[in-house]
Amino acid sequence: MTQQLSPREKTLATIVGGIVFLLINFLLFSTFSKHHRRLKEELAAKASQLEVMRGLFSDRELWEQRDAWLDQRFTKITNESTAGVELLNTVKEAAKKHAVLIENPSLGIPQKKTDYVSVLVNLEAKSNWRQLGKFLFELQGPEKFVVVESVNLQVDPADKFQMRGKMRIAKWFAK
């Protein structure tokens with residue numbers, strides 16, 4: 001059953017054994033390299049995440065103050081149907097104060113986002129540049145949570161000193 005191998009067979013067996021040994025080592029090395037690369041990437045991601053967390057932790061008092069400020073001033077919506085009318089009245093008062101003519105006002109459907117509820121008003125406005133700027137500035141105070149989401153301004157073809165604009169104005173409420 002067992003015969004002795006001839007020198008040629010011994011050489012062939014050695015070559016085959018060496019190739020199998022090299023192939024196994026290559027597969028192990030490539031697998032090790034892939035895992036090593038993946039672990040280095042994960043370590044770099046975790047290190048950067050740790051740095052961000054350390055930065056946030058060092059600014060913890062600032063973020064707590066901002067959170068308290070938001071809790072005080074970011075009002076909750078009481079009635080979605082009247083909130084749009086209230087926003088429109090606020091916009092009309094500011095427009096009247098700054099001589100901005102409001103045309104075609106319409107209330108949008110309140111949109112519920114993950115952190116807030118957005119009440120919308122669409123309108124067209126006509127005014128000169130200076131008054132329009134003052135109007136927009138008054139609407140968007142830091143404690144008002146009113147946002148001009150989109151504005152399309154053009155020079156009025158009938159009066160080159162007047163601007164016409166279509167605006168989408170939203171007020172944000174806490175959930």
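Guide: A charge sits over a ring if NZ of Lys or CZ of Arg is within 6 Å of the ring centre and within 35 degrees of the ring normal. The structure discussed here is a predicted model.

Visitor: Which residue lies over the face of tryptophan 63?

Guide: The cut-off for the distance to the ring centre is 6 Å. In this model the distance from the ring centre of tryptophan 63 is 4.9 Å, and the residue lying over its face is arginine 66.

Visitor: Which residues form one aromatic cluster?

Guide: Tryptophan 69 and phenylalanine 145 form a pair with 6.1 Å from centre to centre and 50 degrees between the planes. Tryptophan 69 belongs to helix H2 and phenylalanine 145 to the loop between helix H4 and strand E4, so this pair ties together parts that are 76 residues apart in sequence. The rings of phenylalanine 74 and phenylalanine 145 have their centres 4.5 Å apart. The cluster therefore consists of Trp69, Phe74 and Phe145.

Visitor: Is phenylalanine 145 buried or exposed?

Guide: A residue counts as buried under 20% relative accessible area. Phenylalanine 145 has a relative accessible area of 15%, so phenylalanine 145 is buried.

Visitor: How many residues apart in sequence are the parts that arginine 73 and glutamate 143 tie together?

Guide: These two residues form a salt bridge, with the closest N and O atoms 3.2 Å apart. Arginine 73 lies in helix H2, whereas glutamate 143 lies in the loop between H4 and E4, so the parts tied together are separated in sequence by 70 residues.

Visitor: What separates arginine 38 and glutamate 42 within helix H1?

Guide: The two residues form a salt bridge, and their closest N and O atoms are 2.9 Å apart. Because they are four residues apart in helix H1, the separation is about one helical turn.

Visitor: Is lysine 112 buried or exposed?

Guide: Lysine 112 forms a salt bridge with glutamate 80, the closest N and O atoms being 3.5 Å apart. Glutamate 80 is in helix H3 and lysine 112 in strand E2, 32 residues apart. The relative accessible area of lysine 112 is 59%, so this residue is exposed.

Visitor: What accessible area do the residues of the nonpolar patch on the surface have together?

Guide: The patch is formed by Leu12, Val16, Val20, Ile24 and Leu28. Leucine 28 is found in helix H1 and, at 55% relative accessibility, counts as exposed. Together, the residues of the patch have an accessible area of about 470 Å².

Definitions and conventions
Residues are numbered from 1 along each chain as its sequence is written. This is a predicted model: local features need pLDDT of at least 70, side-chain atom pairs count only at pLDDT 80 or more; totals for chains, interfaces and linings use all residues. Side-chain values use heavy atoms; hydrogens and water are left out. Rings of Phe, Tyr and Trp (its six-membered ring) pair if their centres lie within 6.5 Å; planes under 30 degrees apart count as stacked, over 60 as edge-to-face and the rest as tilted. Helices (H or I, at least four residues) and strands (E, at least two) are DSSP runs, numbered from the N terminus. Buried means under 20% relative accessible area, exposed over 50%, partly exposed in between (1.4 Å probe, protein chains only). Patches are made of residues with over 30% relative accessible area and no salt bridge: like charges are joined within 9 Å, nonpolar side chains (Val, Leu, Ile, Met, Phe, Trp, Tyr) within 5 Å. Accessible areas come from the Shrake-Rupley method with a 1.4 Å probe; for residues, only the protein chains shown count as cover. A salt bridge is a side-chain nitrogen of Lys or Arg within 4 Å of a carboxyl oxygen of Asp or Glu.
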